[in-house]
Amino acid sequence: MSIFPKISLRPDVTDHLKSVFLNKELLATVGLQEAECRFQKLLTCLSQPPSYTCVRASTHLAPLEDIRHKLGEELKKQMCSPSAEEVSLQILPHPRIPDVLLLPVKGPRHVKQLSSEVVVGAQCGTAVLRGAHVFAPGIVASPKYMKAGDVVSVFSDLEGKCTRGALSFQGKRVFVGNGVAEMDRSSIFCTDETVRGIGVRMTEPLYQSPSFDGVLPRLVFLQNLPSVVVGHVLGPRPGERILDMCAAPGGKTCHIAALMGDQGEVVALDRIRNKIDRIRQNAQMLDLRCIKVHCFNSTQAVSSDPAQRAEGPPFPPESFDRVLLDAPCSSLGQRPNIASTYSLKEICSYQPLQRKLLHAVCFTTKILCVKYVFAISSLVVTRLVSRWQHEAVILLYYTVLF
C-alpha cells in the first residue's frame with residue numbers, strides 16, 4: 001500500500017476530469033505523455049497536505065507579532081504534553097499578506113505501522129493529515145478488546161465501505177499515523193448516547209502539524225491561503241456595504257469585516273438556517289458588529305420590485321459596493337482530499353447553480369462587461385469608481401480541475 005495514494009475518485013469522474021485536463025492546447029504544448037504525467041501528479045498532490053498550515057490572525061484585535069508570540073506559547077504546551085513528540089516549532093509571517101502566519105508541515109515521515117488498527121472515515125482521515133486528533137464519531141472500526149491507553153495505527157477508509165463497529169477492515173484504505181486510544185471500544189460503539197471527545201490522540205502522524213483544537217479561538221483562524229487571499233483581492237474599505245452571497249461558515253465574512261475595521265456593513269446570506277447560526281457565533285466571538293446575517297437563497301438576492309424594499313433581502317439593483325461569491329462547488333481541489341464519493345452527475349450539477357448565482361451578482365452590481373476565468377471557485381466582483389465601469393475577477397482557488 002502506497003504512502004502517496006492518489007485521490008480516490010469514481011472511475012467515470014477520473015475519466016471526465018482527465019478528458020478536460022488533456023485539452024488540445026496542453027497536448028499541443030507538451031505532448032500526450034507529459035500531459036498524462038501532469039494529470040497523475042495532480043491527483044497525487046490533491047491527496048497530500050499543503051507544505052504550510054495557514055493561520056489567519058485577527059489583527060483587528062491585536063498586532064500580528066503579539067498573536068504570533070501567543071500562538072507559539074500555546075503550541076509549546078502541546079509539545080510538553082506526555083504524548084507529544086519532540087518537534088521543532090516554526091511560526092512564520094507571510095512575506096506579502098499582513099494577517100497570515102504559516103507553520104511548515106513536515107511529512108510524509110517514516111512511521112512504522114502497528115498490528116493494532118483503528119479505521120476512520122475519509123473526512124476524519126483528511127483532518128488527521130492537517131494535524132487533528134481522531135474524534136470518536138469518526139471511528140468506524142477498532143480491535144475487539146481496545147482499551148484506553150492502547151497504541152494503535154490509524155487508517156482511513158477511502159470508499160466509505162467499512163461497516164461501523166467492525167473489528168477490522170481490509171478494503172481500500174490509507175495509513176495516516178499512530179496514536180494512543182483515549183477511549184475503550186465499548187465507549188465508542190456500545191452506547192445509545194452521542195459519542196463525543198477525542199477517541200485517538202495522534203502521537204506519530206504521517207504529516208506533522210500542530211492541532212489547533214481550542215487554541216486561541218479569538219485570535220487565530222485556520223483557513224486555506226486562497227481563502228484569505230480572496231478577502232484582500234476584494235479590497236473592502238471602511239464605510240462600504242459588502243455582500244457575501246454564500247457566506248457559511250463565515251470565515252471570509254469575518255475577514256471582510258475585520259479588513260474594514262468593523263466600519264460599514266457586511267451582509268451575509270446563506271440558505272441553510274443552522275449554518276447562519278455559525279456565522280453569528282463567529283462574528284460575536286471576534287467582536288465584529290458590522291455583520292448582518294440573513295437566511296436567504298442568494299439566487300433571488302436582487303429584485304427591482306419596489307414593493308419588496310426592506311432592510312433585508314431581496315435587495316434593489318446596485319445596492320453594494322463589492323460582492324463576494326464563493327459559489328458552492330465539489331471542493332475537489334481542497335487539500336488534502338484523499339477520497340471523494342461524488343458521482344459524475346453530482347460533480348456536474350454545480351454549474352447551473354453557479355450560473356444562477358453569477359447572474360444575481362450581475363444584477364446586484366450592474367455589470368455591463370464581464371471578463372473571467374472559471375475555476376474552483378471564488379468570485380470577486382468590484383464596483384469601480386465609475387458607475388458604468390465594472391470588473392469581475394474569479395480567483396484560481398485551490399487547484400483548477402475544469
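Reader: What does the accessible surface of the protein come to?
Author: About 20000 Å², and 52% of that belongs to carbon and sulfur atoms. Accessible areas come from the Shrake-Rupley method with a 1.4 Å probe; for residues, only the protein chains shown count as cover. This is a predicted model: local features need pLDDT of at least 70, side-chain atom pairs count only at pLDDT 80 or more, and totals for chains, interfaces and linings use all residues. Residues are numbered from 1 along each chain as its sequence is written, and side-chain values use heavy atoms, with hydrogens and water left out.

Reader: OK. How many helices and strands?
Author: The protein has 11 helices and 16 strands. Both are DSSP runs numbered from the N terminus: helices are H or I, at least four residues, and strands are E, at least two.

Reader: And what share of the residues is buried?
Author: 47% of the 402 residues. Buried means under 20% relative accessible area, exposed over 50%, partly exposed in between (1.4 Å probe, protein chains only).

Reader: Let's look at α9. Which of its residues are buried?
Author: I276, I279, N282 and A283. They lie on the same side of α9, because they cover an arc of only 120 degrees around the axis. That arc is taken from the directions from the helix axis to the C-beta atoms.

Reader: What's on the face turned away from the buried side?
Author: The exposed residues R273, N274, Q281 and Q284.

Reader: What do the buried ones pack against?
Author: Against α8 (251-259), β12 (265-270) and β13 (291-295). Contact means heavy atoms within 4.5 Å.

Reader: Where is the positive phi?
Author: Just after α9, at D287, with a phi of about 60 degrees.

Reader: New topic. What's the strand order in the open sheet of 6 strands?
Author: The order is β5-β9-β8-β7-β4-β6, with mixed pairing. The edge strands, β5 (134-135) and β6 (139-141), each pair on one side only. Two strands pair if DSSP finds at least two bridges between them.

Reader: In which sense do β4 and β6 pair?
Author: Antiparallel, over 2 bridges. V119 has A141 in β6 as its bridge partner.

Reader: Which residues touch the most other members in the largest nonpolar core?
Author: V118, V120, V134, I139, V154 and V200, out of 30 residues in that core. A nonpolar core is a set of buried Ala, Val, Leu, Ile, Met, Phe, Trp, Tyr and Cys residues joined through side-chain atoms within 4.5 Å. A second, separate core has 19 residues, including L234 and C254.
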